[in-house]
Amino acid sequence: HRAEKPRARHVATAAAASAHAPCGRLLAGGLKPLRAGAELAMICAFVYLCDRTDIIPRAQKQHDPAHFWTLWALICVAALYTTRTLENAKPLQRQQTDEWKGWMQLMFLMYHYFAE
């Protein structure tokens with residue numbers, strides 16, 4: 001009869017621990033998920049304020065071909081200065097296509113910023 005009491009207490013303790021399991025998992029995983037959610041909410045709020053309200057006024061695009069081509073030339077010089085050889089020089093390797101993607105995005109942004 002005495003052997004049943006400790007087992008019952010152990011079962012009750014396990015049931016109490018499982019009742020608080022969500023809090024334990026949150027603290028065990030840290031506050032990273034909450035922080036990530038808060039950061040995402042703040043970014044979405046900032047984008048909404050900038051895009052959908054008149055708090056921040058719209059700016060005019062600058063149409064200056066000389067600035068565009070000067071900046072383009074400086075970026076090309078920086079690109080040539082930072083070139084490196086690949087270990088496996090196969091055509092259309094992942095590193096190469098990712099690099100091209102980055103340059104295309106940069107040129108796309110410059111094109112739209114300078115209204116070329």
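**Exercise 1. Confidence along the chain**

*Solution.* The structure is a predicted model, so the confidence values are read first, pLDDT being the predictor's confidence in each residue. Over the chain, the mean pLDDT is 77, and 72% of the residues reach 70 or more. Where pLDDT is low, the predicted coordinates should not be read in detail.

**Exercise 2. Aromatic rings**

Determine how the rings of Phe68, Trp69 and Trp72 are linked, and state whether Phe68 is buried or exposed.

*Solution.* 

Step 1. The count of aromatic pairs comes to two. In one of them, the ring centres of Phe68 and Trp69 are 4.8 Å apart. Their planes stand at 85°, and an angle over 60 degrees counts as edge-to-face, so this pair is edge-to-face.

Step 2. Trp69 also pairs with Trp72, with 5.5 Å from centre to centre and 75° between the planes, again edge-to-face. Trp69 and Trp72 are three residues apart in helix α4 (residues 65-81), which means that about one helical turn separates them.

Step 3. Together, the ring pairs link Phe68, Trp69 and Trp72 into a cluster.

Step 4. Phe68 has a relative accessible area of 5%, and the cut-off for buried is under 20%, so Phe68 is buried. Trp69, at 46%, is partly exposed, and Trp72, at 32%, is partly exposed as well.

**Exercise 3. Salt bridges**

Identify the salt-bridge partners of Asp98 and of Glu39, and describe where the residues lie.

*Solution.* 

Step 1. Side chains of opposite charge can pair when their charged atoms come close. The count of salt bridges in this model comes to four.

Step 2. Asp98 forms a salt bridge with Arg94, where the closest N and O atoms are 3.2 Å apart. A salt bridge also joins Asp98 to Lys101, at 3.7 Å from N to O.

Step 3. In helix α5 (residues 94-113), Asp98 lies four residues from Arg94, about one helical turn. Lys101 is three residues from Asp98 in helix α5, also about one helical turn.

Step 4. Arg94 is exposed at 62% relative accessible area, whereas Asp98 is partly exposed at 34% and Lys101 is partly exposed at 43%.

Step 5. Glu39 meets Arg35 in a salt bridge of 2.9 Å, N to O. Both residues lie in helix α3, four residues apart. Glu39 is partly exposed at 40%, and Arg35 is exposed at 58%.

Notes:
Residues numbered from 1 in each chain as written. Predicted model: local features only at pLDDT ≥ 70, side-chain atom pairs only at ≥ 80, totals over all residues. Heavy atoms only, no water. pLDDT = per-residue confidence, 0-100. Phe/Tyr/Trp six-rings, centres within 6.5 Å; stacked < 30°, edge-to-face > 60°. Buried < 20%, exposed > 50% of the residue type's maximum accessible area, 1.4 Å probe, protein only. Helix = DSSP H or I, 4+ residues; strand = E, 2+ residues; numbered from the N terminus. Salt bridge = Lys/Arg side-chain N within 4 Å of Asp/Glu carboxyl O.
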